[in-house]
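Please find below my comments on the model under review. They are set out as numbered points and begin with a question.

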Amino acid sequence: MEAIVIDHLTKIYHRPRRLVLDSVCLSIAPGEIFGLLGPNGAGKSTLLKILATLVLPTSGKVFVSGYNVVKEERKVRRLIGLFTGRERSFYFRLTGWQNLEFFGAMQGLKQPMLKRRIAEILDRLGLTAHKDQMYMEYSTGMKRKLGLARALLADPPIYLLDEPTSSLDPTSTREVHQIIRELKSHGKTVLLATHNLHEAEQLCDRIGILDAGRLLKVDTSQNLRAFFKETQIILKISHSLSPGRLNHLQGLEGVTRLVVQNSCLRVYTRDPRRVLDEIIRSVHEETALQDIQVKCPSLEDVFIRLTAG
Amino acid sequence: MYKVWQFMKRGFISMLSYRTAFMLGVVSMAVGVAQFAYMAIFLKEGNTFPGIARYGGDLMAFLISGNLFMSFIAVALSSFQGAIRSEQLMGTLEFLLLSDTPLGLILLYSSLWDFLWTLINAGLIFTLVVLIFGVPLQINLGPALLVLSLAIICLAGVGLASAGIIMVTKVGDPIAWAFSTLSGFLSGVIFPVEILPNWLQKISAILPPTYALSALRKSLLVGSSLLDIQQELLVLALMALVTVPAGLLAFRWGFNKARRDGTLVGY
């Protein structure tokens, strides 16, 4: 059974009326790390909140481990660990430990298992030294880690993580990445909403690109990059090429477009091996070639191309 | 001067943005004036106060019991919505909802301390009043606690509805406001219900605190037994049968509306 199934999910908010999710369909397998990429306002957080039963869908069906998020919300809640990244989500005057103890108890965890679990997680996240500090005295990074600790407390099979590394320093980011990898190695499913393309590429088995509520593309990062098959050949030249020469290059079979910027010529092609020699030869006939680079499309290129429409 | 204007403007815009709270505030002022007017009519009765004879006739005992009971009304009506509001402000509501504990229980647990604290306060004040002012009391504790419990259950139903409304309006809830204002005015808290005009007495007759306060005063001030207050108890029980399910329904409605609107954590 799939960990998460989303079937034509639409969410419309009223006052003002806005379409936040537009007939989204998606399936996530158990043990998969799925990255949800999208610009601000794309609908990532709303999608996560619907999965967490905190927002009701307008139409469509959503299942978590086979349970309907609208009709079987209590069963769904037991299966998920949510991280929202909001700093204001703990009791400011309780310590980190007391906060975790409170939320753990609410999740039905009993002593002494709860205490053991808290100690273990705080240690894993490097927060043990700060466990008796009031939450309001925590730094931003510590607050985020405590949020992650709360999601991990009940050891649920599915994690919904909304930008878990934003505003973390590189060391903490690496630690969080390691924890996400460990979750996968323990067979947990992770839905990771992020802006960070590098993070998505590093961690996720598959990536979905969400823009203005529409899920534009879902695939592995490798396939997403290959989808456009547009390699850039970047040539640094001494003098501008004549219009005739540019027309010649544009006309080569396999060349999709040319961009000229001062002394830089970018040739986009789906078949670099076939056109590279001819491009070099042709450019060389008119001007000196100072440098040449062949650049495969990055996930960022794919993301920008897709979200720019 | 421009800075002062900016503060005034900010206050006015914020106040207007909470429209329900704004309207309720205006009406509260009008009700407050009426309340004092009827209190004055009551005091014109002179030194004998025949209207409170059935509660022992002591004005201080009458007023103090009314005042202390109002603190229970306030807790029953506001503790649930207070708990919701507080969790919204802390940003913790979503995570409590996600926990294995049903929201209704979370509200109940959050309110227990308020009820306990009010009970301790009320007990202390009563003891002090008796010791310092020598107010005559004939306490029949069993019936008094039963009345108080029934009244709290009955009003907790209204409190639940109020918590549902506060999830939608965020600030300003007409249900708790109406119950609290009308109870303070019409349930015999600071003057007997009988001095009110007939049409206001009809409204008083549908308010649970009217019966609760009458029965509580009888059991605390003149030592009435369960049998003596059975009529009030029956009315309170019947009212609880209506308010609790209605409160649960209203709460569920508010909760789902906030989830539909995506405003669960808004405040």
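What order do the strands of the open sheet of 4 strands in chain A have?

1. The order is β2-β1-β4-β5 in chain A, and the pairing is antiparallel. Strands here are DSSP runs (E, at least two residues) and helices likewise (H or I, at least four), numbered from the N terminus; two strands pair if DSSP finds at least two bridges between them. At the edges lie β2 (18-28) and β5 (67-68) of chain A, each of which pairs on one side only.

2. This is a predicted model, in which local features need pLDDT of at least 70 and side-chain atom pairs count only at pLDDT 80 or more, while totals for chains, interfaces and linings use all residues. Residues are numbered from 1 along each chain as its sequence is written, with chains lettered from A and ligands numbered from 1 in the order in which they are written.

3. Within the sheet, β1 (residues 4-13) of chain A joins β2(A) through 7 bridges in the antiparallel sense. Val5(A) has Ser27(A) in β2(A) as its bridge partner.

4. Helix α1 (residues 44-51) of chain A is mostly covered, with 8 of its 8 residues buried (20 or more other C-beta atoms within 10 Å of the residue's own, C-beta atoms being placed from the backbone). Among them are Leu47(A), Leu48(A) and Ile50(A).

5. Overall, chain A contains 11 helices and 14 strands.

Definitions and conventions:
A residue is buried if 20 or more other C-beta atoms lie within 10 Å of its own, exposed if 12 or fewer, and partly exposed in between; C-beta atoms are placed from the backbone.
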